Amino acid sequence: MQQESEIREPLIIGSKSYHQISEDIAKPIEGKASKHWYMVLTVSVMCFIWGLVCLTYTVITGVGVWGSNNGVAWGWDITNFVWWIGIGHAGTLISAVLLLFRQKWRMAINRSAEAMTIFAVLCAAIFVLLHTGRPWLDYWLFPLPNQFGSLWVNFNSPLMWDVFAVTTYLIVSLLFWYTGLIPDFAMIRDRALKPLSKKIYSILSFGWGGSARHWSRFEEVSLILAGLATPLVFSVHSIVSMDFATSVLPGWHTTIFPPYFVAGAIFSGFAMVLTLLIIMRKVYGLESYITIKHIEYMNIVIIATGTIVGIAYMTELFISWYSGVEYEQYAFLNRAEGHYWWAYAIMMTCNVISPQLFWFKKLRTSLTFTFIIAIVINIGMWFERFVIIVPTLCRSFLPSSWNLYQPTFVDIGIFIGTLGMFFTFFLLFTRYFPVIAQSELKTILKSSGQEYKKKKEPRSLTP
Amino acid sequence: MNTSAIHAIYDDEEPLLAAAKDLQSKGIKILDIFSPFPIHGIDEIIGIPRTRLAITAFIYGAVGFCLSALMMWYMMIYNWPTDIGGKPSFAFYMNVPSFIPIIFESTVLCAAIGLVITFFIRCWLLPGAAPKNPDPRTTDDKFLMIIETNEENKNNIETLLIKGGAAEISFK
């Protein structure tokens with residue numbers, strides 16, 4: 001059996017048995033939803049519907065209803081796209097990278113983080129599909145034979161790389177998530193009492209039985225998918241950053257973009273995971289599994305990635321000065337002192353200063369404080385993308401194309417709509433899916449469960 | 001020969017592991033073990049060979065790698081070479097740096113899809129397939145061992161199992 005050091009804090013609090021874990025994970029699915037759940041769901045669905053209205057209006061009228069203009073061709077659409085894709089990265093990092101590093105605390109949070117990834121990527125996809133202007137021709141993004149020659153898509157273009165990266169990311173995340181869900185669906189199926197839910201979970205569980213051979217293959221599949229998803233985490237946001245970095249615009253044309261975007265993505269993703277999990281653990285009574293220690297671990301990742309983001313900001317500023325290129329220097333001065341200085345100030349405060357507060361143990365183990373900082377980081381990272389896109393585009397090389405940018409109600413409406421869609425999907429997920437990978441948790445019960453750790457003889461210090 | 005199967009249910013994985021080791025050393029064949037979670041070390045004890053899924057994943061990945069490289073060569077270099085933004089498409093080796101992201105993504109995509117489909121088919125996990133566990137409690141907290149035996153050995157094994165801490169024994 002696996003052993004764990006006594007000084008490590010237990011990952012499962014209280015005296016739990018295998019059966020108790022099943023009970024706790026199945027409870028939200030089998031019980032009745034609370035009034036609060038319906039209230040939040042109603043608000044989310046209303047936001048979602050409003051987003052659909054704005055989306056339909058855009059499709060019928062054209063992207064002219066957005067705030068984007070000739071100079072500032074990318075506005076809230078690409079800001080939101082990068083923000084959502086970034087949020088997705090935490091899920092894959094938790095389930096893939098932490099699996100390869102054998103971090104056991106991953107097991108309580110990976111399921112919901114992966115769900116968050118998938119929903120976030122779906123939200124991101126809406127913006128890329130819409131910003132093409134004629135979404136009914138979006139199949140042109142794929143290399144399909146056509147009547148124009150065949151005039152193929154341009155594989156030299158980073159925008160094309162993005163199509164492949166985001167598609168791959170969505171599909172691989174979905175496969176990873178679903179394979180992990182199968183044994184947990186089987187657990188729900190085997191204890192379901194109502195015939196309808198038994199039928200549904202029976203279909204969803206694909207007939208999983210948990211035979212030793214299947215477990216051995218299951219573990220191999222998880223490991224290989226983790227190995228495949230790990231470079232994927234880094235590649236997707238690198239490629240997203242190349243949408244900017246391979247252009248010739250000052251302020252975008254920098255080699256620091258890929259690592260800086262990846263760190264920022266993980267940073268914002270963990271903030272979103274914390275936002276969701278702090279509420280979820282409370283509402284569904286999962287405090288024994290998603291403990292303060294889990295929150296603290298995630299906050300430590302936030303310090304690390306937040307610091308990388310901070311260093312990247314400073315490096316960008318230094319290099320623009322050190323390069324001696326006038327245009328480059330102007331781009332950064334314009335971000336800090338130009339028309340959108342307030343966005344830059346929000347970005348700097350939220351992303352550079354606020355995560356540093358987590359160096360204090362008292363603060364990073366406080367739920368309320370973590371929740372507030374997580375929201376602050378979410379806002380800050382949205383403004384980071386805004387600062388990269390809008391101030392740069394509104395002051396490009398030609399003064400004749402200088403323009404200011406103002407979002408319209410449609411821009412705001414679609415963004416609110418994606419938030420609504422994200423929370424609607426997440427709420428439905430918490431209600432009908434096992435939110436914690438219970439079969440994985442059961443493997444660490446004896447090594448990391450509080451009760452079992454207490455029972456073990458403490459090793460004597462004298463030799 | 002007249003063989004039958006014994007289903008022994010355990011409450012915990014440790015006595016199960018010990019019993020499996022004991023039976024295996026006595027030359028009694030264990031057909032399968034159903035458990036709510038993967039038990040480490042069980043494969044060696046009951047003699048499950050290491051799965052070859054990793055090899056298939058590598059092959060799928062290699063196919064994705066080759067297909068995407070071939071596709072981009074055909075579309076960009078061979079079929080309709082275009083000069084977009086001063087970046088001409090003369091030869092594959094000159095354009096290959098900008099093909100690498102898509103080659104990588106396709107490799108990962110093909111490896112992942114192929115691997116998961118192979119896994120599902122190999123284990124016959126399909127939507128609507130009948131549950132494979134003989135007892136529904138094995139996805140919750142029970143561990144079930146299936147032992148193949150003939151009539152003479154039946155009682156012998158039963159006493160062994162009871163001594164080893166089996167909670168329930170049934171004959172199928």
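The centres of domain 1 and domain 2 of chain B, taken over C-alpha atoms, are separated by 50 Å. Domain 1 covers 3-36 + 141-171 and domain 2 covers 53-122, with bounds that come from an automatic or database domain assignment. Please keep in mind that this is a predicted model: local features need pLDDT of at least 70, side-chain atom pairs count only at pLDDT 80 or more, and totals for chains, interfaces and linings use all residues. Residues are numbered from 1 along each chain as its sequence is written, while chains are lettered from A and ligands numbered from 1 in the order in which they are written.

**The sheet of chain B**

- Chain B has an open sheet of 4 strands, ordered E2-E3-E1-E4, with antiparallel pairing; helices (H or I, at least four residues) and strands (E, at least two) are DSSP runs, numbered from the N terminus, and two strands pair if DSSP finds at least two bridges between them.
- Strand E2 (30-34) and strand E4 (168-171) of chain B are the edge strands, each pairing on one side only.
- On average, neighbouring strands of this sheet are turned by 20° against each other, direction ignored; axes are lines fitted to C-alpha atoms, for helices over the stretch in contact, and angles run from 0 to 180 degrees between N-to-C directions.
- Strand E1 (residues 3-10) of chain B pairs with strand E3 (residues 143-150) of chain B in the antiparallel sense over 8 bridges.
- Along this pair, B:Ala5 stands opposite B:Glu148 in E3(B), and B:Ala8 stands opposite B:Met145 in E3(B).
- E1(B) also pairs with E4(B) in the antiparallel sense, over 4 bridges, and here B:Ala8 stands opposite B:Ile169 in E4(B).
- Helix H5 (residues 154-163) of chain B lies across E1, E3 and E4 of chain B and runs at about 155° to E3(B).

**Where the two chains meet**

- Contacts link 56 residues of chain B with 53 residues of chain A, two residues being in contact if their C-beta atoms, placed from the backbone, lie within 7 Å.
- On the chain B side, E2, helix H2 (42-46), helix H3 (53-79) and helix H4 (92-122) each supply at least two residues.
- H4(B) gives the largest share of that side, 18 residues.
- The chain B side divides into 38 nonpolar, 10 polar and 8 charged residues; Ala, Val, Leu, Ile, Met, Phe, Trp, Tyr, Cys and Pro count as nonpolar, Asp, Glu, Lys and Arg as charged, and the others, Gly among them, as polar.

**A helix pair across the interface**

- Helix H7 (residues 212-245) of chain A packs with H3(B) at an angle of about 35°, their axes 10 Å apart.
- H7(A) passes H3(B) in a right-handed crossing; a crossing is left-handed if the near helix is turned anticlockwise from the far one by less than a right angle, and right-handed if clockwise.
- From H7(A), A:Arg217, A:Glu220, A:Val221 and A:Ile224 meet B:Leu53, B:Ala54 and B:Ala57 in H3(B).
- The residues of this contact of H7(A) with H3(B) divide into 5 nonpolar, no polar and 2 charged.

**A helix pair within chain A**

- Helix H2 (residues 35-61) and helix H14 (residues 409-432) of chain A have axes that come within 6 Å and cross at roughly 140°.
- H2(A) and H14(A) are therefore oblique to each other; angles under 35 degrees count as roughly parallel, over 145 as roughly antiparallel, 65 to 115 as roughly perpendicular and the rest as oblique.
- The contact of H2(A) with H14(A) holds 19 nonpolar, 8 polar and 1 charged residues.
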